[in-house]
Amino acid sequence: MIDLRSDTVTKPTDEMRKAMARADVGDDVYGEDPTVNRLQDMAANMLGKRFALFVPSGTMANQLAIRSQAQPGQEIIVESKSHIVRYEQGAAGALAGVQLHWIYGERGVMSAEQVEAAIRPNDPHSVTTALICLENTHNAGGGTIYPLSTIERIRTIAVRHRIPMHLDGARLFNAVAATTLPPTVYAQHFETVSICLSKGLGAPVGSLLLSNDQHVIDRARRFRRMYGGAMRQAGIVAAAGIYALERHVPRLKTDHEHAKKLARLLQQIPAVQIVPQHVETNILIFDIVDEQRTPTELVTALKDHGVLINTLGGNTYRAVTHLNIAGKQIDEAASIFTKILSR
Ligand code: TLP
């Protein structure tokens with residue numbers, strides 16, 4: 001099966017499993033897991049932040065960033081298709097008590113002007129803006145890399161209004177691999193950054209929340225406990241994260257090449273509408289016009305022939321390349337699409 005549903009489906013490599021089996025562990029609620037501590041230090045160094053907190057998921061990392069920096073009744077600025085808006089089960093409202101002010105970005109990217117216009121006035125009638133959240137790369141936008149110049153412009157506005165910024169960097173290392181900009185160059189503009197080890201980096205579990213602010217990380221640690229995310233001998237999974245950060249960052253370029261190749265091959269199929277230039281990293285978002293089948297039937301037909309993809313609603317679909325997809329499977333996947341869609 002060529003599983004292009006997500007880069008979350010990757011399985012740990014044998015070497016990664018060996019690193020997990022060898023991991024030295026302790027109780028992380030006491031701060032005594034040496035492998036978790038090493039991962040946190042390593043990630044903090046890579047991102048140029050002083051503190052890091054290991055958490056079970058990207059969703060939790062985002063939610064801890066929100067809960068730790070915004071008060072119930074405040075508002076946060078987010079892009080309309082961001083993971084925080086679409087895929088976190090309304091947690092920002094349910095758990096942090098904040099309301100979302102969402103902006104319709106261009107393939108997930110908000111402009112500085114849009115962000116500035118969304119900041120609430122300092123007026124006793126008005127709700128207050130507590131946090132500005134960006135997502136890089138932007139998942140539902142199609143793996144879009146946030147242009148650094150846009151981040152810088154948004155940052156200037158945020159500083160002027162004294163509003164902290166959070167980066168959902170679940171796939172920050174895809175942006176790093178594609179642009180060759182160091183992660184610190186992105187991270188410096190944000191009070192908090194979340195990164196995921198379980199996406200393109202290929203670890204089975206785990207994310208980190210990073211910040212220079214000890215107070216924010218201390219609060220996040222308390223809320224991690226509240227949300228049920230304080231783990232014990234988590235070094236077993238942290239070891240996979242260390243392995244992934246040490247070995248799997250440069251290879252993300254291969255996933256990007258595969259995604260671009262798949263986009264070019266899919267473009268040749270008349271029923272597929274895709275703009276290959278928009279495929280900047282490992283995510284392809286495209287439309288398929290199929291008069292014969294519903295989206296569910298189409299996905300099932302592809303599955304029956306050995307390709308798995310996700311529907312995003314309407315005629316829109318998503319395919320994601322990753323560690324467990326070999327180059328020849330890109331050609332195979334494209335010919336399966338051609339076969340199914342030419343019937
Ligand atoms: N994304 C998943 C699904 O939840 C949609 C996927 O298959 O792409 N931020 C971003 C930008 C993400 O794409 C994801 C996961 C998360 C956060 C959440 O990570 P987890 O699944 O670890 O909670």
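Predicted model: local features only at pLDDT ≥ 70, side-chain atom pairs only at ≥ 80, totals over all residues.
Visitor: Why are strand E9 (272–273) and strand E12 (310–311) said to stand at the edges?
Guide: The open sheet has four strands in the order E9-E10-E13-E12, with antiparallel pairing. E9 and E12 each have a single partner strand, so one side of each lacks a neighbour in the sheet. Helix H13 (residues 295–304) lies across strand E10 (283–288), E12 and E13, at about 30 degrees to E13.

Visitor: Why is the pairing in the sheet of seven strands called mixed?
Guide: The order of this open sheet is E2-E8-E7-E6-E5-E3-E4. Strand E3 (residues 75–79) and E4 pair in the parallel sense over five bridges, with Glu-75 opposite Gln-99 in E4. Strand E2 (residues 51–55) and E8, by contrast, pair in the antiparallel sense, also over five bridges. Both senses therefore occur, each with five bridges against the two required. E2 and strand E4 (99–103) stand at the edges, each with a single partner strand, so one side of each has no neighbour in the sheet.

Visitor: What places E8 between two partner strands?
Guide: E8 pairs with E2, and five bridges also join strand E7 (residues 192–196) to E8 in the antiparallel sense. Ser-207 of E8 takes part in both pairings: Ser-207 is the bridge partner of Val-55 and of Cys-196.

Visitor: How do you know whether Ser-211 is buried or exposed?
Guide: Buried means under 20% relative accessible area, exposed over 50% and partly exposed in between, with a 1.4 Å probe and protein chains only. Ser-211, which lies in strand E8, has a relative accessible area of 1% and is therefore buried. Beyond neighbours within four places in sequence, Ser-211 is in contact (heavy atoms within 4.5 Å) with residues including Lys-49, Phe-51, Thr-192 and Ile-217.

Visitor: What makes strand E8 (residues 207–211) largely enclosed?
Guide: Five of its five residues are buried, so E8 is largely enclosed by the rest of the structure. Both faces are covered, with Ser-207, Leu-209 and Ser-211 buried on one side and Leu-208 and Leu-210 on the other.

Visitor: What makes helix H8 (residues 172–179) mostly covered?
Guide: Six of the eight residues of H8 are buried: Leu-172, Phe-173, Asn-174, Ala-175, Val-176 and Ala-177. Among the elements that cover the buried residues are H2, E7 and H11. Thr-180, which follows H8, has a positive phi near 65 degrees.

Visitor: Why are H2 and H11 described as roughly parallel?
Guide: Angles run from 0 to 180 degrees between N-to-C directions, and axes are lines fitted to C-alpha atoms, for helices over the stretch in contact. Under 35 degrees counts as roughly parallel, over 145 as roughly antiparallel, 65 to 115 as roughly perpendicular and the rest as oblique. Helix H2 (residues 34–47) and helix H11 (residues 235–247) pack at about 30 degrees, with their axes 8 Å apart, and are therefore roughly parallel to each other.

Visitor: What kinds of residue make up the contact of H2 with H11?
Guide: Residues of H2 including Leu-39, Met-42 and Met-46 meet residues of H11 including Ala-238, Ile-242 and Leu-245. The contact divides into nine nonpolar, three polar and two charged residues. Here Ala, Val, Leu, Ile, Met, Phe, Trp, Tyr, Cys and Pro count as nonpolar, Asp, Glu, Lys and Arg as charged, and the others, Gly among them, as polar.

Definitions and conventions
Residues numbered from 1 in each chain as written. Heavy atoms only, no water.
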